[in-house]
Amino acid sequence: MDSITSSGRRGILGLGTALALGLPALGARGQAPPAMTDHLRRLYDAARSRNEQVTWYTSHYNSETAEQLGRAFEADFPGMKANVVRTTAQVAFQRLSQDMRARVQNCDVFSSTDFGHYTQLKADGRFEKYSPENLAHVIPALRGIDPDGFYHTTSTGTVLINYNTTRVPPEEAPKRWTDLLDPKWANRVTVGHPSFSGYVGNWVVMMRKLYGWDYFKRLERNKPQIGRSINDTVTMLNSGERWVGAGPGATTLRSASRGNPLAIQYPEDGTLLMIATTAIMKGSRNPNAAKLFVEFLLSKRSCEIQVENYSEIVRSDVPTFPGGRDLSTVTLIQPTVEEIEKGIPEVKELWRDTFGV
Amino acid sequence: MSTTTIAAAPRAPTARSGLLRRIQVLEPATLVWLALIGVLVFLVAWPIAELVASSLRHPRTGDWTLSNYAAAYGRARYVDALLNSLALGALSALICAVLAVPMAWACSRTDMPGRGFAWFTVLAAFIIPPYLGAVGWILLAGPNSGWINQGWSFVTGTPDSTLFNVYTFSGLALVIALHSYPFIFIFAKSALDLVNSEMEDAANILGAGTWTTTLKVTLPLVWPTILAGIILVFLETIALFGTPAIIGIPARINVVTTQLWQFFEAPVRAEVAAAYAMPLLLITLMLIGIQRLLLSRKSYVSQTGKGGERRPIRLGPFWRWALFGWCAFVCLLSVVAPMIALVQASFAKAWGRGFSFDNLTLQNYTFLLFEHDAAWGAVVNTFAYSATSATIAMVLALAIAYVVKRNLMPFGMALAFLCMAPFVIPGIVMAIGFYAAYAGPPLTLYGTAALMVLAFTTRFLPIAYANGAAGMQMIHPEMEEAVRILGGGRLTAIRRVVAPLLKKALLGGWLLVFILATRELSAAIFLVGPETRTISVLLYDLSEEGNLESLSALGGILLVITLLFVGAGMRLIGHDFMLRRH
């Protein structure tokens, strides 16, 4: 898609958005389908006439948010069905690899949190190229993550320090990543596992870049509790099993909003910004539904649901969650695509050598 | 069905080809036999052959090689996992024996009060999937937040003191044992039921007291059977995936099954996994061999059984209640405590906040039932696959047992052997074989319900067969002969005589396979597709996030529905269906 058509589209979509905004609350509640652009209408009609439904392998959100997005897609596009398979990134990729080895096409839309998956799958010619119309609404800095347009940023998130407020008063909470190495947190720290979670994989790569592998050897002296998903840290803090963690912003805040004793600390040495992408699988039996679903992920409705669940979002025209801190006021850190691609397989091995699992 | 149709066909004298003529010459029973062989090769022999072959082949070129074995055992960490599994299996099996043998003896030989209660404890522990029990124990015995340790801190007055940490080697072994001891109980009780009181009387007359008699006469008689049960638990433990995956990672313990799972991490190295699984297969084969030797010695028990009188041993009031206390203790550990923890979590906003009104919510259930599309699908899948697998397995088992027991064909024992073969294959290894054989072209069954049903059927075929064969043993051929003299075909005889007589045994076997299938995880986790998720797989996915509240709610739903089936089954066939196969 060249720039002229996409800017032309932006005009049409601007109108569409205005129309959607004109229908107060009704569209947002999902009781009536939102105004569809011609493009979406074509995809929707094609998907319906071919009886398509979309299977979505995702590791972008916690299960509740992922399921809620699936239901909202079905509400916005009546008659469509989204089959949500929420696992950690590496398990999602494992299942996808098993599918491909058996030459079975189960997955239509693939949303992992490990860039390495995308570069590899793209090189193997596994993706269907698609340029979503809604890309025009995405924050410019998040566009064009793949210069060839095979995959697009559909979600962002943070890895930061989370802690249990009944055990740790805010002034005593760790302020920097290196504070987690303090012996006073012995048997108090909780983390996920880079062989499962893409978020954790990114975080481990970043910590190694900042402080060398020594960081994890020293962390091991504090005997951290190792779960699988990064969301597991939230469970461990809630239960009081552990007091401080390297956890996700969204799931922690969401859980805190439901009355759990949790808070977050943006580390002074940098909050890890996660850019998570989505692609359509080549040879999908549900190509129209898959495209429609990617459009939905970038839609206003999807962003609203993500905000309700305290996720960072990819559009600027949806207000962020109450109490949400503008990330531009926070020190952000992020490994490069190459570092993630090369780094995650390496740190998975190093992790097992250091922690034994 | 085919017996009668084929039996009628050969009368038509219009054989055109040589092949057709040859088929006409064949006995109808031969065709059934061939068909059964075909089914068993498909279900059992081919996946095993694929597994062995793929372990010896280069994944891309297909050349014969040992490189997969080098990759599988080339790292100390991988070898450690194998050693961990063996140690874990041994420890679990020993704990099981300690838990189960006194219970079995008390239930079978004594006048202990509450024998029915003990029996229901065993049944309940058997129905609860091991990974669900594991989650219950995480809630109970997490080192800082577990109720037991919180209580202990309170009692001792020192914060952070830990009485029992589930995230340890012994914690893992105990949690596994708490859901495996029913196997030893069943083995031991079945054997003890056959020992008649005359032996004990003889010992008593010669001056031995109750305890000497029990330790020197009764238990030695059933010792081979108990040892066979211990071997079974050992094998179950080293093949278990769910519990080690949930407890093992935080506990820093890697075992064979979790290592096999790592070989399936992308890039999928199924051939390395196959190579890595081979020692497991060999150990299992060897131990099953030993088990058979032990069980064949059992014959001297059963020879004297049945005939003699059996009287319960009168325990004094102290021992009656001491034994009852032991049973109650096992019940508390294996059923009551983890269930209370799970139920609390399933109604909690955050389980760590304990019992309080502001912590109560129905949200976990509403999330699963109304907001989670896959959950309902998984419930339906679980019970549909379990029922289908149980039915296919029982039909197949009955047909094979009939052919074998009535000596309809030469080499009938070959059928029986194939039928029992899955018993020696750990579920996770079998799943890898199924994946290698049937996931891809030409059949491309990956992600289909058919693959799940085939895997479950194969996995539990030995149990179905053991039930079918034991049932067939009880029916004397003369009843069928009477039918045939009166002009009925063999099929009529089976339908009108054998099947009705075996109704209870078949239903019992069906129920057993059904329960095992509802809790199956280790094969399902490798063969599941997005449309074929079962409750166990969904529970595993939820456990990744530590989403223990929703997980407990889903576990609760699984248990309630399973209990409905079991309750209905027990109304039909009585409560001792688990014992019938011996």
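This is a predicted model: local features need pLDDT of at least 70, side-chain atom pairs count only at pLDDT 80 or more; totals for chains, interfaces and linings use all residues.
Q: Is Phe355(B) buried or exposed?
A: The relative accessible area of Phe355(B) is 63%, and the term exposed applies over 50%. Phe355(B) also takes part in a nonpolar surface patch of about 470 Å², together with Phe329(B), Leu332(B), Val336(B) and Ile340(B). Because its relative accessible area is 63%, Phe355(B) is classed as exposed.

Q: Is Ser63(A) buried or exposed?
A: Ser63(A) belongs to helix H3 of chain A, which spans residues 63-76. Leaving aside neighbours within four places in sequence, Ser63(A) is in contact with Arg86(A) of its own chain and with Phe367(B), Leu542(B), Glu545(B) and Asn547(B) of chain B. With a relative accessible area of 6%, where the limit for the term is under 20%, Ser63(A) is buried.

Q: What area do chain A and chain B bury between them?
A: The size of an interface is often given as the accessible area lost when the parts come together. Here the contact takes 62 residues from chain A and 59 residues from chain B. Carbon and sulfur atoms account for 44% of the area buried between chain A and chain B, which is about 4900 Å².

Q: How many salt bridges does the rule find across the interface of chain A and chain B?
A: A salt bridge is formed by Glu271(B) with Arg101(A), whose closest N and O atoms are 3.2 Å apart, within the 4 Å limit. Across the interface of chain A and chain B, the number of salt bridges found is seven.

Q: Which element gives the most to the side of chain A that touches chain B?
A: Between the two chains, 28 residue pairs are in polar contact. On the side of chain A that touches chain B, at least two residues each are supplied by several elements, including strand S1 (54-58), H3, strand S2 (82-86) and helix H4 (89-101). The element that gives the most, with eight residues, is H4(A).

Q: Is Leu140(B) buried or exposed?
A: Leu140(B) is found in helix H7 of chain B, residues 130-141. Apart from neighbours within four places in sequence, the residues in contact with Leu140(B) include Trp147(B), Ile148(B), Ala337(B), Pro338(B) and Ala341(B). Since its relative accessible area is 5%, Leu140(B) is buried.

Conventions
Residues are numbered from 1 along each chain as its sequence is written. Chains are lettered from A and ligands numbered from 1 in the order in which they are written. Side-chain values use heavy atoms; hydrogens and water are left out. Patches are made of residues with over 30% relative accessible area and no salt bridge: like charges are joined within 9 Å, nonpolar side chains (Val, Leu, Ile, Met, Phe, Trp, Tyr) within 5 Å. Accessible areas come from the Shrake-Rupley method with a 1.4 Å probe; for residues, only the protein chains shown count as cover. A salt bridge is a side-chain nitrogen of Lys or Arg within 4 Å of a carboxyl oxygen of Asp or Glu. Buried means under 20% relative accessible area, exposed over 50%, partly exposed in between (1.4 Å probe, protein chains only). Helices (H or I, at least four residues) and strands (E, at least two) are DSSP runs, numbered from the N terminus. Contact means heavy atoms within 4.5 Å. Buried area is the accessible area (1.4 Å probe) that two parts lose on being put together, summed over both. A polar contact is a pair of N or O atoms within 3.5 Å; within protein, one must be able to donate a hydrogen and the other to accept it, and residues adjacent in sequence count only if both atoms are side-chain atoms.
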